[in-house]
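Work through the following exercises with the sequence and the model open. Each task is followed by a solution in steps.

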Amino acid sequence: ARVITSCGASGLWFGGSWVDMVVAGLLALFVASAQGSTIWKHERLIFEVIICFLVGLIAGFISLWLPLRTCFGAMAVASIVDILQGFKLVYAVMELMSKHTIAGGADFMEAFL
């Protein structure tokens, strides 16, 4: 679900290309796999800073390597949307406002849980 969310956010909200969407999905997979690690349970704040730094570094190198095909913001921000606090609630309200009541309602309930 995180990969699809990041791909969609990269393409729809940030106007990213297909390359941006694929890279954002892969970086979101990296974030999800690192977030599932038991090593970082007690140091959540440090973990989030380190992961965001690494994602920014990787996205920066890719945007320098392919400057005409990629957008740094579309890759970096879209790949860490699950780490951002309150994002799910904002996303749910955006879906509800765009008349996607079932998806918006499900995301709204997930944000509160």
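**Exercise 1.** Which residues in helix 1 meet which residues in helix 2?

*Solution.* The model is a predicted one.
Step 1. Locate the two elements: helix 1 covers residues 2-13 and helix 2 covers residues 18-35.
Step 2. On the side of helix 1, the contact residues are Arg-2, Val-3, Ser-6, Cys-7, Ser-10 and Gly-11. Their partners in helix 2 are Asp-20, Met-21, Ala-24, Gly-25, Ala-28, Leu-29, Ala-32 and Gln-35.
Step 3. Sorted by class, this contact of helix 1 with helix 2 holds 7 nonpolar, 5 polar and 2 charged residues.

**Exercise 2.** Describe the geometry of the pair formed by helix 1 and helix 2.

*Solution.* Step 1. Two quantities are needed, since packed helices are described by the angle between their axes and the distance between the axes.
Step 1. The axes of helix 1 and helix 2 come within 8 Å and cross at roughly 145 degrees.
Step 2. The crossing of helix 1 past helix 2 is right-handed.

**Exercise 3.** Compare the span of helix 2 with the expected one, and state which of its residues are buried and what covers them.

*Solution.* Step 1. From first to last C-alpha, the 18 residues of helix 2 reach 25 Å, close to the expected 26 Å.
Step 1. The buried residues of helix 2 are Asp-20, Met-21, Val-23, Ala-24, Gly-25, Leu-27, Ala-28, Val-31, Ala-34 and Gln-35.
Step 2. Their cover includes helix 1, helix 3 (44-65) and helix 4 (72-79).
Step 3. Take Gln-35 as a check: its relative accessibility is 16%, so Gln-35 counts as buried.

**Exercise 4.** Is Asp-107 buried or exposed, and which residues does Asp-107 touch?

*Solution.* Step 1. Asp-107 lies in helix 6 (residues 101-112).
Step 1. The cut-off for buried is under 20% relative accessible area. Asp-107 has 19% relative accessibility, so Asp-107 counts as buried.
Step 2. Leaving out residues up to four places away in sequence, Asp-107 touches Lys-88, Tyr-91, Ala-92 and Glu-95.

Notes:
Residues numbered from 1 in each chain as written. Predicted model: local features only at pLDDT ≥ 70, side-chain atom pairs only at ≥ 80, totals over all residues. Heavy atoms only, no water. Axes fitted to C-alpha atoms, helices over the stretch in contact; angles between N-to-C directions. Helix = DSSP H or I, 4+ residues; strand = E, 2+ residues; numbered from the N terminus. Left-handed = near helix turned anticlockwise from the far one by under 90°. Contact = heavy atoms within 4.5 Å. Nonpolar A, V, L, I, M, F, W, Y, C, P; charged D, E, K, R; others polar. Expected span 1.5 Å × (residues − 1). Buried < 20%, exposed > 50% of the residue type's maximum accessible area, 1.4 Å probe, protein only.
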